[in-house]
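I opened this notebook to record what I looked up in one model, entry by entry.

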Amino acid sequence: MHKIIQPDGWKPPKGYANGVLADGVPLYIGGQIGWTADQVFVAKDFVGQMEQALRNIVDVLEAAGGGPEHLTRLTWYVVDKKEYLAKQREVGEAYRRVLGKNFPAMTMVVVSALVEDEALIEIEATASIPADRNAA
């Protein structure tokens, strides 16, 4: 369904795609933070909040009739670059627990703060849901 775009001669990316070509109905998912459906921060650590934010994205995908395999882009906003770099193994494990081996195009941006004071990460997503699976 999605075609990963990798220019000839480029080194392969690790954990993301340089480009994704997709057919289907676009789904734009607003920035998700590490709180539950009740807007409660259970996790106080970076990896826990990241995993919850990804679970929130999966919930929105499922509500639209899709799943992690339909993701085409993720944009991550983190408040602590050093913590992310120090926890890359744990980040990868949590990512695969929630999204499996689906690696869309990704960008990470380091920011000074997020609107919710307890939030350590915010992730927005874009997906392409096949028309026959679309809940809309």
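The entries below follow the order in which I looked things up, and I note at the start that the model is predicted.

**Entry 1, the largest pocket.** I began with the largest pocket, for which I find a volume of about 390 Å³. I count 14 residues in its lining, and Lys14, Gly15, Tyr16, Tyr84 and Met106 are those that lie nearest its centre. I then asked which elements give two or more residues to this lining, and they are helix H3 (88-99) and strand E5 (105-110). Helix H3 gives the most, with 5 residues. Sorted by class, the lining of the largest pocket comes to 8 nonpolar, 4 polar and 2 charged residues.

**Entry 2, the pairing of E6.** I turned next to strand E6 (residues 121-129), which runs antiparallel to strand E3 (residues 25-33) and is joined to E3 by 7 bridges. Within this pairing I looked up Pro26, whose bridge partner in E6 is Ser128. Strand E4 (residues 71-78) also pairs with E6 in the antiparallel sense, over 7 bridges, and here I noted that Trp76 stands opposite Ile123 in E6.

Is Glu122 buried or exposed, or does it fall in between? I record Glu122 as partly exposed, because its relative accessibility is 22% and the buried class ends under 20%. Leaving aside neighbours within four places in sequence, I find Glu122 in contact with Gly31, Gln32, Ile33, Thr75, Trp76, Tyr77 and Leu114; Gly31, Gln32 and Ile33 are numbered within E3, while Thr75, Trp76 and Tyr77 are numbered within E4. I also checked Glu122 against Asp132, and the two are 10 residues apart in sequence but 30 Å apart in space, taken from C-alpha to C-alpha.

My last entry concerns Gln49, which I place in helix H1 (residues 46-63). Gln49 counts as buried because its relative accessibility is 1%. What lies 2.8 Å from a polar atom of the side chain of Gln49? I find the backbone nitrogen of Leu120 at that distance.

Terms used. Residues are numbered from 1 along each chain as its sequence is written. This is a predicted model: local features need pLDDT of at least 70, side-chain atom pairs count only at pLDDT 80 or more; totals for chains, interfaces and linings use all residues. Side-chain values use heavy atoms; hydrogens and water are left out. On a 1 Å grid over the protein atoms alone, a cavity is a set of points where a 1.4 Å probe fits but cannot get out, and a pocket is an open set with protein on both sides within 12 Å along at least five of seven lines; lining residues have an atom within 4 Å of a point. Grid points are joined across faces, edges and corners, and a volume is the space filled by probe spheres set on the points. Helices (H or I, at least four residues) and strands (E, at least two) are DSSP runs, numbered from the N terminus. Ala, Val, Leu, Ile, Met, Phe, Trp, Tyr, Cys and Pro count as nonpolar, Asp, Glu, Lys and Arg as charged, and the others, Gly among them, as polar. Two strands pair if DSSP finds at least two bridges between them. Buried means under 20% relative accessible area, exposed over 50%, partly exposed in between (1.4 Å probe, protein chains only). A polar contact is a pair of N or O atoms within 3.5 Å; within protein, one must be able to donate a hydrogen and the other to accept it, and residues adjacent in sequence count only if both atoms are side-chain atoms. Contact means heavy atoms within 4.5 Å.
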